Amino acid sequence: MKFERFVALRYLTRRKGLFAIITTLIGVAGVSVGVAALITTLSVMNGFQTDIKEKVIGAQSHILVFGRMPAGAYEKHIKQIEQIPLVEAAAPHIYGQAILSYDGQSVGLVVRGLDPEKEKKINNLNDSLTEGSFTPDWAEDAPAPLVLGTELAYSLGAQVGDDVVLISPQSISTSAGMFPKMKKFRVSGLLRTGYYEFDNTIAYTTLPHASDFLGLKGGVTGVAVKLHNLNQADQAAEEIRQAIGYGYTVRTFAQLNSTLYAALKLEKAVMFIILFLIIIVASLNIAGNLILLGTEKLRDIGLMRAMGASPKMIRKVFMWEAMAIATLGIFLGIALACLLCWIIATFNIVELPGDIYYLTKVPVRMEWTDLLAVVGGSYLICFFAGLYPAAKASRVNPTDAIRYG
């Protein structure tokens, strides 16, 4: 073992006096608590972000292509898109705006037309049905089926089997003048994605009924695309643009929900900065502990200098001690964070209201990038905390230290 490391570990393990031992323990505990709090908080936030992302993507798709496509054109575009190696599947979709009227109440919403069988290939929207189906076994003269989000249905008081009226913003010309287009639908199911914005603002029906209601004459308003690898969305979007040509808008899931993802990232960054202050405070305890050590071991430092130890070697002794305290605190903090994350994920300590969050346990997801950032940042702060005490100890005059130490 090198001289500097040997002396540092000896000073760390053989401190004299209760106060010196307590300050060392406080330095270790401060770092460990800060690291544990930061890793646990980031893991919980990652869990919520992942849960929200899965719900959003589960109700949409990885990429959406917008642009009106006639009845004979969208199948051709789907084949072109599915030939791209990055693409797993594609399905047509229709998006349009309407007003839903039921029992004297009216609310604006988005009408989404889809093919239930093809939709299974690009998302898990079919699994979100809590009641009914997209294609009920009704009589031919029955109104067109319409699936509502649970939040929208609850706010209107509508249930499966109730008849509602959709009013299109497009007007139709009659002998009596211009009138808004209206069509009767029957609620065929309720759908719960777990994302409030979708469950409260979107109504779903099959492609033919949506196309007829919005006056698309059998056409669609775009194509939804699922990828093999979600992280290659930007590259796939560019290849899709080149494949289908100009005149269409291609948006990734991140672009479609940019405001939401930006808010989540900002929240995580702010929490990282705030909780990192705990580690900064702990590093000040390490600095104070090393200054106390320099005063306590003044005579020893003078003797080492008189025996030939250079100022650089003295600095290394104190830096080794600072990093030893940091290492012990960081590893204890990681162990504590793993224990806390396991407890939070396993036991229902914090019970969430299921009707609001659609889950009852706090989601936890530890990521290596966050772990490395916390460990690296903690080491860096503790390193800087040890610089001043190390520099001060290395400038001690050997004669004065032996005489007055």
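Q: Is Lys 181 buried or exposed, and which side chain of opposite charge is nearest to it?
A: In this predicted model, Lys 181 is buried and yet has no salt bridge, since the nearest side chain of opposite charge, that of Asp 212, is 4.9 Å away, whereas a salt bridge is counted within 4 Å.

Q: Where does Lys 181 sit, and which backbone oxygens lie by its side chain?
A: Lys 181 is in strand E7, which covers residues 177–191. A polar atom of the Lys 181 side chain lies 2.6 Å from the backbone oxygen of Asp 212, and a polar atom of that side chain also lies 3.2 Å from the backbone oxygen of Phe 213.

Q: Switching to the nonpolar core, how many residues has the largest one?
A: The largest nonpolar core has 59 residues, and those with the most contacts inside it include Leu 100, Leu 148 and Val 225. Its largest share, six residues, comes from strand E2, residues 87–102.

Q: What does Leu 148 touch, leaving out residues up to four places away in sequence?
A: With those residues not counted, Leu 148 touches several others, among them Leu 100, Ala 158, Val 187, Leu 191 and Ala 203. Apart from the core of 59 residues lies another core, of 39 residues, which includes Tyr 11, Ile 39, Ile 279 and Ala 282.

Q: And Gln 242, why does that one count as exposed?
A: Gln 242 counts as exposed because its relative accessibility is 60%, and exposed means over 50%. Gln 242 is found in helix H8, residues 233–244.

Q: How far apart are Gln 242 and Leu 191?
A: Gln 242 and Leu 191 are 51 residues apart in sequence, and in space they are 35 Å apart, C-alpha to C-alpha.

Terms used. Residues are numbered from 1 along each chain as its sequence is written. This is a predicted model: local features need pLDDT of at least 70, side-chain atom pairs count only at pLDDT 80 or more; totals for chains, interfaces and linings use all residues. Side-chain values use heavy atoms; hydrogens and water are left out. Helices (H or I, at least four residues) and strands (E, at least two) are DSSP runs, numbered from the N terminus. Buried means under 20% relative accessible area, exposed over 50%, partly exposed in between (1.4 Å probe, protein chains only). Lys and Arg count as positive and Asp and Glu as negative; His and the chain ends are not counted. A polar contact is a pair of N or O atoms within 3.5 Å; within protein, one must be able to donate a hydrogen and the other to accept it, and residues adjacent in sequence count only if both atoms are side-chain atoms. A nonpolar core is a set of buried Ala, Val, Leu, Ile, Met, Phe, Trp, Tyr and Cys residues joined through side-chain atoms within 4.5 Å. Contact means heavy atoms within 4.5 Å.
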